[in-house]
Amino acid sequence: MTQASILVCGTGIAGLACALGLSRSGLSVGLLGPRHEPAVRAADDYHPRVYAISDASRMLLDRLGAWRLIDSRRITPVEGMEIHGDANGCLDLSAWQDARDALAWIVESGEIERALQQAVQVMGIAWHEDQFASLITRPDGISVTSAQGMQWQPDLLVGADGARSPVRQAARIHHDYTPYGDMGVVAHLDIDRPHQNRAYQWFTGDSVFALLPMPDTVAGPQASLVWSLPEGLARDWLALDAQGQQAYLAAHAQSITGGRLGRLRLRTRPQGFPLTLERTAMVAPGVALVGDAAHRVHPLAGQGLNLGLGDVQAMMQVLQDRESYRAPGDLRVLARYRRRRAEPVWAMGAVTHGLHRLFGTQCAPLAWARNQGMQVADRLPFLKRQLIRAAAGD
């Protein structure tokens, strides 16, 4: 029987951050899951998935000792953002409008994982390279068994094991799943014009086309593409050969972006993933969920990872503030965690789902109203500051 007050199942960003945060709070923590060490990339070679890290998430990663381990040359500050409607609507946000250095920071997923893994090793957290197999809940606690037969009786099991979470299923935590019928396609692009550390987003009616700034390469400036489009169109594009994929991108990008960053050329082969809206009850006796295991939202706001790191921050605070006589897995303690995350998770889901529905509707009066609303918002400094602070996690 392996001992650990808290067992974190899942070794992605959310799981690693959770294990680090709880360990730094003085709790006995074990980590269960495979060890996927991201390959060290050459200067002009980047991991295919990037994230927009909010200020709140950056500060959390810094407190965990991970942010300083990321190569600063692979971090791109987002100093401004242009959001274009499907007509003449445009909202222009800049960090200086709220006296900030940046709206967010673009970082490769592999770099964040690598830094968190190094911090986990420094902290000496026990890492069990195995898979979750089963959970038994008894009146006196829970028992966890791995695929290789290891057993734990932790006070708390944290499910950070992704959108298809086996922990969530084993704990029978309620899960609402709504597919959008869309896919998110990501790729890195060479661009003709400097991005000037600005992000761009275009709503086209049936898709959302976003370009995120990345470090310049020897060949010139580059950006990361996140394109949400109907699943059938996405699969047709992904099935093409390299030449066909480039031709498809070129045929659509010019009309969508108006040549804002010049000609766009694929640096990497596009990868796709289905888009869903998912919510859960987040807790059960002795079990709590974080990250994609707990919720998923549409990526048009780029807040999925930030929402998961918000779960980590809330769990750290709730467990630190609990009464000394209550165990970490006490359902009263976990209910506080669920209440603390209820409003942020619901609000982000409502905003992203609402925007997806709003810009996916082709009704002419509504199209006029949404684009006029963007124009009005662009002229209101106070509203812009509120939007910036919300995106920063304030």
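Q: Why does L387 count as partly exposed?
A: In this predicted model, L387 has a relative accessibility of 34%, and since the label "partly exposed" covers the range between under 20% (buried) and over 50% (exposed), L387 counts as partly exposed. The residue sits in helix α10, which spans residues 381–392.

Q: What makes V376, L380, L383 and L387 a nonpolar patch on the surface?
A: A patch takes residues with over 30% relative accessible area, and nonpolar side chains are joined within 5 Å; L387, at 34%, therefore lies over that 30% cut-off. Together V376, L380, L383 and L387 have about 290 Å² of accessible area.

Q: Why is the pair R198 and D92 called a salt bridge?
A: The N to O distance between the side chains of R198 and D92 is 2.5 Å, and because a salt bridge asks for a side-chain nitrogen of Lys or Arg within 4 Å of a carboxyl oxygen of Asp or Glu, the pair meets the rule. R198 lies in strand β14 (residues 198–203) and D92 in strand β6 (residues 90–94), so the pair ties together parts that are 106 residues apart in sequence.

Q: What makes D98 and R100 a salt bridge, and which residues does the network join?
A: The closest N and O atoms of D98 and R100 are 2.8 Å apart, which is within the 4 Å limit. D98 counts as buried at 12% relative accessibility, and R100 is buried too, with 17%. Salt bridges that share partners join D55, R58, D98, R100 and R389 into one network. The structure holds 24 salt bridges.

Q: Why is L116 called buried?
A: L116 has 0% relative accessibility and counts as buried, because the cut-off for that word is under 20%. The residue is found in helix α3 (residues 109–123).

Q: What makes the phi of R172 worth noting?
A: Most residues other than glycine have a negative phi. R172 is not a glycine, and yet its phi is positive, at about 55°. R172 lies in the loop between α4 (166–171) and β13 (175–191), and it is exposed, with a relative accessible area of 78%, because exposed means over 50%. N197 is another residue other than glycine with a positive phi, near 60°, and N197 is found in the loop between β13 and β14.

Q: Which residues lie nearest the centre of the second largest pocket?
A: R138, P139, D140, G141 and I142 lie nearest its centre, among the 15 residues that line the second largest pocket. By class, the lining has 6 nonpolar, 5 polar and 4 charged residues.

How values were computed. Residues are numbered from 1 along each chain as its sequence is written. This is a predicted model: local features need pLDDT of at least 70, side-chain atom pairs count only at pLDDT 80 or more; totals for chains, interfaces and linings use all residues. Side-chain values use heavy atoms; hydrogens and water are left out. Patches are made of residues with over 30% relative accessible area and no salt bridge: like charges are joined within 9 Å, nonpolar side chains (Val, Leu, Ile, Met, Phe, Trp, Tyr) within 5 Å. Accessible areas come from the Shrake-Rupley method with a 1.4 Å probe; for residues, only the protein chains shown count as cover. Helices (H or I, at least four residues) and strands (E, at least two) are DSSP runs, numbered from the N terminus. Buried means under 20% relative accessible area, exposed over 50%, partly exposed in between (1.4 Å probe, protein chains only). On a 1 Å grid over the protein atoms alone, a cavity is a set of points where a 1.4 Å probe fits but cannot get out, and a pocket is an open set with protein on both sides within 12 Å along at least five of seven lines; lining residues have an atom within 4 Å of a point. Ala, Val, Leu, Ile, Met, Phe, Trp, Tyr, Cys and Pro count as nonpolar, Asp, Glu, Lys and Arg as charged, and the others, Gly among them, as polar.
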